[in-house]
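Colleague: I am new to this one. Walk me through it, and tell me how you know what you say.

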Amino acid sequence: MTWLDELTRRTVIVTTTDQESFRGVAMEGYDDWCVLANARLQQQDGISSLLDGEIWIPRSKVHFVQVPPAEEP
């Protein structure tokens with residue numbers, strides 16, 4: 001079990017060492033990868049862009065992970 005397993009199926013924001021931020025649903029944790037489904041690239045101006053398919057981020061590139069508060073309907 002990895003620290004990412006606790007976040008499986010939760011919405012997270014992953015910020016990389018390249019200062020890119022992605023928001024999506026954390027999928028299964030892998031030793032070397034963080035996988036997000038329904039991912040969006042978060043831009044500094046507050047605009048986000050939907051990405052096709054899953055995004056695979058090397059764990060070595062993960063700077064930190066945030067769990068945003070649940071969105072109100």
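Colleague: What does the accessible surface of the protein chain come to, and what percentage belongs to carbon and sulfur atoms?

Modeller: The model is predicted. The accessible surface of the protein chain comes to about 5,000 Å². Carbon and sulfur atoms hold 49% of that surface.

Colleague: Which elements make up the chain, helices or strands?

Modeller: There are six strands and zero helices. Read from the N terminus, the order is β-β-β-β-β-β.

Colleague: How many residues does the chain have, and what percentage is buried?

Modeller: The protein chain has 73 residues, and 33% of them are buried. Among contacts with a separation of 6 or more, 42% join residues 24 or more positions apart.

Colleague: Why is alanine 26 called buried?

Modeller: Its relative accessible area is 0%. Buried means under 20%. Therefore alanine 26 counts as buried. Alanine 26 belongs to strand E2, residues 21-26.

Colleague: What does alanine 26 touch, beyond residues up to four places away in sequence?

Modeller: Its contacts are Leu7, Thr8, Arg9, Arg10, Val12, Val35 and Leu36. Take leucine 36. Leucine 36 and alanine 26 are ten residues apart in sequence, yet their C-alpha atoms are 4.7 Å apart in space.

Colleague: What else is leucine 36 in contact with, leaving aside neighbours within four places in sequence?

Modeller: The contacts of leucine 36 include Val12, Val14, Phe22, Gly24, Ile55 and Ile57.

Colleague: Why does tyrosine 30 count as partly exposed?

Modeller: Its relative accessibility is 33%. Partly exposed lies between the buried limit, under 20%, and the exposed limit, over 50%. So tyrosine 30 counts as partly exposed. Tyrosine 30 lies in the loop between E2 and strand E3 (33-42).

Colleague: Which residues make a nonpolar surface patch with Tyr30?

Modeller: Trp33 and Trp56 do. With Tyr30, they make a patch of about 310 Å². Patch residues need over 30% relative accessible area. Tyrosine 30, at 33%, therefore clears that cut-off.

Methods. Residues are numbered from 1 along each chain as its sequence is written. This is a predicted model: local features need pLDDT of at least 70, side-chain atom pairs count only at pLDDT 80 or more; totals for chains, interfaces and linings use all residues. Side-chain values use heavy atoms; hydrogens and water are left out. Helices (H or I, at least four residues) and strands (E, at least two) are DSSP runs, numbered from the N terminus. Buried means under 20% relative accessible area, exposed over 50%, partly exposed in between (1.4 Å probe, protein chains only). Contact means heavy atoms within 4.5 Å. Accessible areas come from the Shrake-Rupley method with a 1.4 Å probe; for residues, only the protein chains shown count as cover. Patches are made of residues with over 30% relative accessible area and no salt bridge: like charges are joined within 9 Å, nonpolar side chains (Val, Leu, Ile, Met, Phe, Trp, Tyr) within 5 Å. A salt bridge is a side-chain nitrogen of Lys or Arg within 4 Å of a carboxyl oxygen of Asp or Glu.
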